[in-house]
Amino acid sequence: MELQFFKYQGTGNDFVIIDNRQQIFPKNNTKLVAQLCDRRFGIGADGLILLENDNMSDFKMVYYNSDGAEASMCGNGGRCLVAFAHYLGVFEREAKFNAVDGLHYATIDGDVVNLKMVDVDKVHEKQNHSFLDTGSPHHVQLVKELEKFDVQKEGKKLRYGLYGQSGSNINFVEQTNDDTFDVRTYERGVEGETYSCGTGVTAVALAMYESGKTTANEVHIHTIGGNLTIAFEKKDGKYSNIFLKGPAIQVFKGTIECSI
């Protein structure tokens, strides 16, 4: 089978995206997903996303980690899918789409996508870290000298040792300004550090606000892959109107032969 694909990246978080509105993709074939995401034997990506029709919204997002497993929400992936849907002419400037964690609203202006994330009811503050769910579970921990920090070693240790097999994404953070933070993320499913994580930087912004490290409700995050901005409101102890803003760019498109 010859399969058409598109490659997108959002601050270095990269995805294979397929137009599956005609239900051509074998969604239960986890080996195929993993093969397509393989950086040596496939196209190479942090995850694979299917764009599908949806009765409740403009389109539906189906997301798989690079290991082939269908996964929880991916913020940068959502922004890239919005850019792809715009490229296909599915919508003009404003879109609403369905994902595993519910409906999302987004706008696009050039290469910049502003994506509304799910509300967050609770930030769990622990002794030396925070834990919260921004569509995916996230551990947030402040460290010193982040640039030299062994994210792979320490992230893997926490991902399995503290959270077990189901795991959590692990974010290591260093504050650089009142409203600005550097972030590096170990992602479950990828089982390694990624250049950026949308739900992760969202979790960092809320955790830093909750702990009093910042009083800004618009937080700027620097990742290895680029810069993202998170804006939000807090009312009655809950976070709402959370928006993740940053670039989402088509890298290339092509076809690949697949044995199904």
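Domain 1 and domain 2 bury about 1500 Å² between them, of which 51% falls on carbon and sulfur atoms; buried area here is the accessible area (1.4 Å probe) that two parts lose on being put together, summed over both. In domain 1, the residues that lose the most area to domain 2 are Thr11, Lys116 and Met117, which together account for 35% of what that side buries. The model is a predicted one, in which local features need pLDDT of at least 70 and side-chain atom pairs count only at pLDDT 80 or more, while totals for chains, interfaces and linings use all residues. Residues are numbered from 1 along each chain as its sequence is written, and side-chain values use heavy atoms, with hydrogens and water left out.

The protein chain is divided into domain 1 (2-117 + 248-257) and domain 2 (124-243), with bounds that come from an automatic or database domain assignment. The C-alpha centres of the two domains lie 23 Å apart. At the interface, 20 residues of domain 1 are in contact with 23 residues of domain 2, contact meaning heavy atoms within 4.5 Å. Eight residue pairs, both members at pLDDT 80 or more, are in polar contact across the interface of domain 1 and domain 2. A polar contact is a pair of N or O atoms within 3.5 Å; within protein, one must be able to donate a hydrogen and the other to accept it, and residues adjacent in sequence count only if both atoms are side-chain atoms. The count of salt bridges between domain 1 and domain 2 is zero, a salt bridge being a side-chain nitrogen of Lys or Arg within 4 Å of a carboxyl oxygen of Asp or Glu. On the side of domain 1 that touches domain 2, helix 2 (75-88) and strand 7 (112-116) each supply at least two residues. Helices (H or I, at least four residues) and strands (E, at least two) are DSSP runs, numbered from the N terminus.

Helix 4 comprises 13 residues (residues 198-210), and its end C-alpha atoms are 18 Å apart, in agreement with the 18 Å that it should span at 1.5 Å a residue. The expected span is 1.5 Å times one less than the number of residues in the helix. Eleven of the 13 residues are buried, so helix 4 is largely enclosed by the rest of the structure. Buried denotes under 20% relative accessible area, exposed over 50%, and partly exposed in between (1.4 Å probe, protein chains only). The buried residues of helix 4 include Gly198, Thr202, Leu206 and Met208. Gly212, which follows helix 4, has a positive phi near 85°.

Glu210 lies in helix 4 and Lys234 in strand 15 (residues 226-235), so the pair ties together parts that are 24 residues apart in sequence. Glu210 is partly exposed at 25% relative accessibility, and Lys234 is partly exposed at 38%.

A search of the whole structure finds eleven salt bridges. One of them joins the side chains of Arg39 and Asp46 (3.1 Å, N to O), and Asp46 is buried at 7% relative accessibility. In another pair, the side chains of Arg93 and Glu94 meet at 3.9 Å, N to O. Arg93 is partly exposed, with a relative accessible area of 47%, and Glu94 is partly exposed at 48% relative accessibility.

Glu52 lies in strand 3 (residues 47-52) and is buried, with 3% relative accessibility. The side chain of Glu52 forms a polar contact of 2.8 Å with that of Asn20 and one of 3.0 Å with that of Lys27. With neighbours within four places in sequence left aside, Glu52 is in contact with Asn20, Arg21, Gln23, Lys27, Phe59, Lys60 and Val62.

Gln23 is found in the loop between strand 2 (13-19) and helix 1 (30-37). Although Gln23 is not a glycine, its phi is positive, at about 55°; Gln23 is partly exposed at 48% relative accessibility. Glu191, a residue other than glycine, likewise has a positive phi, near 60°. Glu191 is found in the loop between strand 12 (180-187) and strand 13 (192-194) and is partly exposed at 26% relative accessibility.
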